[in-house]
Amino acid sequence: MIAVLVTLKEILNFYQWIVIAAVIVSWLVNFQIINTQNRVVYSLLEVLYKMTEPVFNVVRRVLPNMGGLDLSPIVVLFGLFFLQTLIANKLMSMVSG
């Protein structure tokens with residue numbers, strides 16, 4: 001059981017970095033620092049989009065419309081931090097108890 005929880009915590013940690021990368025890359029595209037015509041950049045954008053947008057869309061349905069401000073990545077990151085904390089607390093109770 002401990003191995004499953006540790007693996008789940010690491011998967012959540014990895015997804016956290018994917019969300020951060022998606023946010024940073026979207027800023028770079030919006031400020032025209034990177035060019036989406038580049039095949040490597042486009043492939044990276046497509047992978048990040050496919051990995052994050054399903055989760056972001058679920059959160060966007062719940063959040064009120066904020067105009068052009070997208071708060072879904074922040075909500076997703078808070079959710080990931082919350083889940084990681086729950087798993088860490090469960091691991092600590094399993095190890096000490």
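Colleague: Where is Gln 16 found?

Modeller: In this predicted model, Gln 16 is part of helix α1.

Colleague: Is Gln 16 buried or exposed?

Modeller: Gln 16 is buried, because its relative accessible area is 9%, and the cut-off for that class is under 20%.

Colleague: Which residues does Gln 16 touch, not counting those up to four places away in sequence?

Modeller: Gln 16 touches Leu 77, Leu 80, Phe 81 and Gln 84, with residues up to four places away in sequence left out of the count.

Colleague: Staying with α1, what is the place of Ile 24?

Modeller: Ile 24 also belongs to helix α1, which covers residues 2-30. Its relative accessible area is 41%, so Ile 24 is partly exposed.

Colleague: Which residues make the nonpolar surface patch?

Modeller: Ile 24, Trp 27, Phe 31 and Ile 33 make a nonpolar surface patch of about 490 Å².

Colleague: And what is the phi of Gln 32?

Modeller: The phi of Gln 32 is near 55 degrees, which is a positive value in a residue other than glycine. Gln 32 sits in the loop between α1 and α2. With a relative accessibility of 71%, Gln 32 counts as exposed.

Colleague: Changing topic to the helices: at what angle do the axes of α2 and α3 cross?

Modeller: The axes of helix α2 (residues 39-62) and helix α3 (residues 72-96) cross at roughly 105 degrees and come within 9 Å.

Colleague: Which residues make the contact?

Modeller: From α2, the contact is made by Val 55, Phe 56, Val 59 and Arg 60. From α3, Ser 72, Pro 73, Val 75 and Val 76 take part.

Colleague: On to charges. How many salt bridges does the count come to?

Modeller: The count comes to three salt bridges. In general, side chains of opposite charge can pair when their charged atoms come close.

Colleague: Which residue forms a salt bridge with Lys 50?

Modeller: Glu 46 is the partner of Lys 50, and the closest N and O atoms of the pair are 3.3 Å apart. Lys 50 and Glu 46 are four residues apart in helix α2, so about one helical turn separates them.

Colleague: How accessible are Lys 50 and Glu 46?

Modeller: Lys 50 counts as exposed at 57% relative accessibility, whereas Glu 46 is partly exposed with a relative accessible area of 35%.

Colleague: Which residues are linked in a network of salt bridges?

Modeller: The network of salt bridges links Glu 53, Arg 60 and Asp 70. Arg 60 forms a salt bridge with Glu 53, in which the closest N and O atoms are 2.7 Å apart. The side chains of Arg 60 and Asp 70 also meet in a salt bridge, at 2.8 Å from N to O.

Colleague: What does the pair of Arg 60 and Asp 70 tie together?

Modeller: Arg 60 lies in helix α2 and Asp 70 in the loop between α2 and α3, so this pair ties together parts that are 10 residues apart in sequence.

Terms used
Residues are numbered from 1 along each chain as its sequence is written. This is a predicted model: local features need pLDDT of at least 70, side-chain atom pairs count only at pLDDT 80 or more; totals for chains, interfaces and linings use all residues. Side-chain values use heavy atoms; hydrogens and water are left out. Patches are made of residues with over 30% relative accessible area and no salt bridge: like charges are joined within 9 Å, nonpolar side chains (Val, Leu, Ile, Met, Phe, Trp, Tyr) within 5 Å. Accessible areas come from the Shrake-Rupley method with a 1.4 Å probe; for residues, only the protein chains shown count as cover. A salt bridge is a side-chain nitrogen of Lys or Arg within 4 Å of a carboxyl oxygen of Asp or Glu. Helices (H or I, at least four residues) and strands (E, at least two) are DSSP runs, numbered from the N terminus. Buried means under 20% relative accessible area, exposed over 50%, partly exposed in between (1.4 Å probe, protein chains only). Axes are lines fitted to C-alpha atoms, for helices over the stretch in contact, and angles run from 0 to 180 degrees between N-to-C directions. Contact means heavy atoms within 4.5 Å.
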